[in-house]
Every structure is written in structure tokens, then in C-alpha cells.
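Please look through the sequence and the structure shown here before reading on. The paragraphs that follow begin with the whole chain and then turn to some of its parts.

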Amino acid sequence: MLACPCSAFNLRATAAPANPDISDPEPEPKVRKLKGSPQFNRWYRARALRSGHKLERPSHGTGALEVNPSAQRTSETLSLEPTSTANDSDREVKVTDSGKPIYMVSDGTGWTAEHSVNAALGQFEHCLVDRGCPVNTHLFSGIDDVERLMEIIKQAAKEGALLVYTLADPSMAESAKQACKLWGIPTTDILGPITEAIAAHLGVSPSGLPRGAAGRNIPLSDEYFRRIEAVEFTIKQDDGALPQNLSKADIVLTGVSRTGKTPLSIYLAQKGYKVANVPIVKGVALPKGLFEVDPEKVFGLTINPLVLQTIRKARAKSLGFGDNARSNYSEMAYVKEELEFARKVFAQNPTWPVIGKHN
């Protein structure tokens with residue numbers, strides 16, 4: 001049976017109104033402030049950078065977390081301000097998002113939560129690709145106390161986010177469940193149900209500790225260090241860097257920009273493969289080393305031109321380029337030319353398997 005951390009949870013719950021003002025319609029957006037810790041703010045800023053969102057720096061800070069929701073929640077601005085301004089990493093920034101937010105909370109690395117959400121989002125590619133149902137995911141890892149958990153849940157309530165969590169500690173999981181129920185937040189416990197099922201099947205109680213916690217003594221195997229080495233190698237070889245090391249790779253991926261080379265490389269690296277990826281750019285010579293590598297190690301990546309154009313437009317927008325900005329990067333004619341150029345490269349190297357659909 002799960003024990004509810006009544007003292008910790010009730011302390012937080014009584015401090016918050018039973019019916020928060022997030023659901024009351026207001027004629028004009030009003031800025032609300034939520035005090036956040038420096039670490040909380042840095043998590044948000046780092047996640048925004050990883051997602052490719054544009055960051056803007058205001059002229060001065062107030063030391064609070066500000067939320068300015070729009071009436072339809074189609075665009076939201078978060079002002080994230082650490083309490084210390086000693087260096088650039090602790091200054092106030094604004095993150096501008098659009099789409100429905102999904103919060104992922106974990107007391108460990110967040111790997112399980114993030115991959116579970118990404119797997120589920122794969123069922124909605126038909127509307128995600130053309131931005132018919134845009135989403136923004138935010139990962140909060142290493143959340144190991146109720147105070148920080150409540151900060152995130154309050155922010156999720158203000159943004160109207162879906163909250164999913166993988167919390168190994170039953171008391172933390174129960175706190176999340178009760179807080180989300182109190183504030184009317186849609187939520188999913190990813191880890192709890194399967195942990196309980198396995199515990200019942202084995203007849204053994206779970207440890208309640210996240211992976212990597214101090215109380216867990218898990219020996220570091222050769223396979224672990226091999227995967228770490230593979231990830232380090234893959235990061236250094238990203239986007240055609242250090243072509244002299246191509247011969248050291250287990251797998252070499254090549255294709256035009258935005259065909260998924262980097263995410264696939266990182267995924268394979270986590271499986272223990274040293275991966276290099278080489279971009280194909282029309283008019284730019286490919287490195288000689290690519291043709292000297294064992295051809296069985298090289299894989300070409302291609303994609304439908306319409307899908308590629310959509311991805312490139314979204315990428316350009318995330319970098320701050322407006323619809324009026326002219327660039328051949330996402331123009332259909334140029335997209336087709338690049339894909340045709342890549343197709344000729346693949347045809348000249350028939351031993352390279354080509355992954356993806358061109359048409």
C-alpha cells in the first residue's frame with residue numbers, strides 16, 4: 001500500500017487556494033508571479049534551448065517566475081528569473097512557446113518519461129508533422145523533494161499542461177497524484193502501475209529508489225563504459241566534424257539536412273554503437289574518408305520532400321526566422337534539388353543501404 005506523505009503534501013496544499021484562479025476567464029491577460037528556485041529556472045531554460053525555442057533577455061529581473069497566458073492559450077511567455085545574477089547563466093530569460101505543453105517529471109534521469117512520451121507522440125505524426133496539433137514537451141529530472149515537485153505542478157496548472165511522471169518514491173508519486181487532482185491537472189503515472197504489477201508478481205516490495213540513487217549499489221559493467229564511450233564519440237562526430245575519424249565509427253549516417261541523422265546517431269550511441277554522421281549539401285564535396293570506410297557501415301537517409309520542407313520551415317521558425325524571411329533552405333525547389341543530389345550520391349554507392357521514403 002502506498003503511504004501518502006500527509007505532512008509534506010498538506011503543508012503545500014493548504015498554502016494554495018482550493019480553486020486556483022487559472023480557470024477563471026479574464027478580459028485581459030494578467031501577469032502572475034510564481035517564485036522559482038535558480039535550479040528550477042535553469043532546468044526550464046536548458047530545456048527550451050534543447051527544443052530550439054528562441055530566448056529573449058529582458059532589461060531587468062524581479063526574482064520571480066512570471067506567466068502571461070493568452071486567452072486561448074495558443075502562445076505563452078515564461079519569464080524565468082534566478083535569484084542570483086552573478087553570471088550570464090543565472091540571468092533572466094524569456095521562453096516563447098506555442099502548442100499544448102506536456103510536462104515530464106522524474107526523480108531520476110527522465111529517460112523513461114521522455115522516451116515513453118515520444119513513443120506515444122509517434123501515434124500522432126499525422127497531425128504533428130504539419131503542425132496541426134503542436135505540442136511542447138518539458139523535462140524536469142532529478143526532482144527528489146516535494147517542494148520542487150509542487151513548484152512544477154503549480155506551473156503546469158497555470159499553463160494548462162498535461163503532466164506525466166516517473167517517481168520511484170511512492171510518497172512522491174502520491175504527492176504528485178493528489179496535487180494534480182486538487183488543481184485539476186490531467187496526469188499519468190508511467191512507472192507506478194507497472195512497478196506495482198511486478199511487485200505483486202514477484203511477491204517482493206520495490207526499493208522506491210530511482211536509478212542512480214545513493215542508496216543503490218549497482219556495479220558499473222564494461223557495457224556501461226562502452227556506451228559512455230560511444231556517446232562521447234558520437235557527439236564529437238556530429239554533423240561532419242572530425243572526418244579523419246570516420247574509420248573508427250561502427251556506423252556512418254549520411255543524408256541532407258533535417259533527415260534525422262543526429263537523433264538517430266544519439267539513439268544508436270546509447271545502444272553502444274560509435275556513430276558518425278555526414279551531411280550531404282548540394283555543391284559541397286563530401287569528405288574522402290566517407291568513401292574509404294567499409295561500405296557495410298554506411299547508411300543513407302532520405303525523406304519525402306514535402307515532409308522535409310515542413311520540418312525545415314518549423315526549424316527556421318524556431319530559430320527566429322519569420323514567414324517573410326527568404327531562404328532557399330526550406331523552398332520546395334531547393335529541397336527537391338538537394339534530395340536529388342543525395343539520390344545520385346547513393347546511386348553511385350549502391351552498397352549503401354538507403355533508409356526512408358523519397359516519394
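The accessible areas used here come from the Shrake-Rupley method with a 1.4 Å probe. In this predicted model, the protein chain exposes about 20,300 Å², and carbon and sulfur atoms supply 55% of that area. Of the 359 residues in the protein chain, 37% are buried, where buried means under 20% relative accessible area.

The protein chain contains 12 helices and 13 strands. When contacts in the chain between residues at least 6 apart in sequence are considered, 75% of them join residues that are at least 24 apart.

An α-helix has 3.6 residues a turn, so residues three or four places apart point the same way.

Turning to the strands, four of them form an open sheet with parallel pairing, in the order β11-β10-β12-β13. The edges of this sheet are β11 (275-279) and β13 (354-355), and because each has a single partner strand, one side of each is left without a neighbour in the sheet. Strands of a sheet pair through backbone hydrogen bonds, either parallel or antiparallel. Strand β10, residues 251-255, runs parallel to β11 and is joined to it by five bridges; for T254, the bridge partner in β11 is V278.

Methods
Residues are numbered from 1 along each chain as its sequence is written. This is a predicted model: local features need pLDDT of at least 70, side-chain atom pairs count only at pLDDT 80 or more; totals for chains, interfaces and linings use all residues. Side-chain values use heavy atoms; hydrogens and water are left out. Helices (H or I, at least four residues) and strands (E, at least two) are DSSP runs, numbered from the N terminus. Buried means under 20% relative accessible area, exposed over 50%, partly exposed in between (1.4 Å probe, protein chains only). Contact means heavy atoms within 4.5 Å. Two strands pair if DSSP finds at least two bridges between them.
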